[in-house]
Amino acid sequence: MGTLAEEIFSYKLGRPVEQGETVVVEVDHVMSHDTTSPLAIQAFRKLAGVSGGRVFNAERAHVVFDHIIPASTVAAATLQRDIRSFAREQDITILQEGICHQVMPEKGFVVPGAIIVGADSHTCTYGALGAFATGMGSTDIGVAYATGRSWFRVPSTINVRLMGELQPGVYAKDVTLEMVRQVGVDGANYRAIEYTGDLVERMSVSERFTFCNMAIEMGGKAGLVAPDETTREWLRGRTDQEYPMLAPHNPRYERVFEIDASRLEPQIACPPDVNNVVPVGEVEHVKIDQVFLGTCTNGRLDDLAIAASILQGRTVHPETRMVVIPASREVYREALRLGYIDTFVQAGASVGTPGCGPCIGRHFGVLAPGERALTTMNRNFTGRMGDPTAEIYLGSPATVAATALTGHITDPREFLS
């Protein structure tokens, strides 16, 4: 009996496990990307005697180039060159098809019941498929590359129960921002967050990714949704691996947050904190210099479809820039086929190579001093997108698209009636 996190650890260890226990577990997959791999490789090298100089399993060790791709500086290009050398030595295939948190599930590396560690805080995204996935520092990832194992203190769990029907113009991102407002940016420190309720059951896997992606914005160790038929359907054709359909059994939750999503309107997270959330109507006067649609939070096909439906036949405001970056090559190609990319280009947006782009302020949309951006990102920390005096607001793909058209923060329902 236990929470979904306890059920996963119990399944992996073959014995009952309870929250608070410290365990060492064999992990299913280990991941690092172009900015975290160098330190992970250093740590791995120090364990050469333990590993024999080889990663534990080249097919379960993954390096993804996504944060600065294509390389924007000589320094970035040099780091990537060195990582490629390591990957060749270890027979690791470098994935260069988009954001790690989109590509790893697309490739079938994430299945229910798996335990996955990654050198990026938003590794918790994979919990949308019923896996226990968490971000770790590069040193811990280097150890996992060498041994295929990692230690955990099995976390207690906060249950976020989502009920009701979303109003037109309200999306998973708006619900997620409301969650962060209620729980707080440190309200779930080292807890698993388990998302349940009839709203979650009706949500697509993409929308569940949005929920789990932002578990870390509440301090969460992992975000989790129990697998169901929606999960099975999404995984069909992506993996032939057998996996358990684990579910919580008489769970003992530390806290329960109940949210009636039917009462929500579009939400905005205002700088400089993700939990500084208000209804869109309270900030509609704010002028925006740049909007950004993309990232591991909202760069998937349905996100692009929502924005394209608003932008169709319209033009981005002349004093506002719009940047669109699909989360992966798979998403990009399907968006091309469906005409979304053409819609964005016709509207005046700049469309970039699948990857992280301006989310981390490295390239393709860096902000100047005093500028303001509205983005579908998961973080609005000071200085994240460029100059520290720039301001970052967070909203849904619909709110971003509507704002692109008016030049100021705008309720998307104005364009959906």
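Methionine 163 has aspartate 260 as its bridge partner in strand 11. Strand 11 covers residues 255–260 and pairs with strand 8 in the parallel sense, over six bridges. This is a predicted model.

**Strand 8 and its partners**
- Strand 8 spans residues 157–163.
- Five of its seven residues are buried, leaving the strand mostly covered.
- Strand 8 also pairs with strand 9 (residues 192–196). Five bridges link the two, again in the parallel sense.
- Isoleucine 158 has isoleucine 193 of strand 9 as its bridge partner.
- Between strand 8 and strand 9, the chain passes through helix 7 (residues 172–183). This β-α-β crossover is right-handed.

- Strands pair through backbone hydrogen bonds, in parallel or antiparallel fashion.
- An open sheet here has five strands in the order 4-3-2-5-6, with parallel pairing.
- Strand 4 (94–95) and strand 6 (132–135) stand at the edges. Each has a single partner strand, so one side of each lacks a neighbour in the sheet.
- Strand 2 (residues 29–33) and strand 3 (residues 61–64) run parallel, joined by four bridges.
- Methionine 31 stands opposite histidine 62 of strand 3.

**Helix 12 and what follows**
- Helix 12 runs over residues 301–311.
- Its buried residues are Asp303, Leu304, Ile306, Ala307, Ala308, Ile310 and Leu311.
- In an α-helix there are 3.6 residues a turn, so residues three or four places apart point the same way.
- Glycine 313 follows helix 12. The phi of glycine 313 is positive, near 75 degrees.

Technical notes:
Residues are numbered from 1 along each chain as its sequence is written. This is a predicted model: local features need pLDDT of at least 70, side-chain atom pairs count only at pLDDT 80 or more; totals for chains, interfaces and linings use all residues. Side-chain values use heavy atoms; hydrogens and water are left out. Two strands pair if DSSP finds at least two bridges between them. Buried means under 20% relative accessible area, exposed over 50%, partly exposed in between (1.4 Å probe, protein chains only). A crossover is right-handed if, with the strands pointing away from the viewer, the path from the first strand over the helix to the second runs clockwise.
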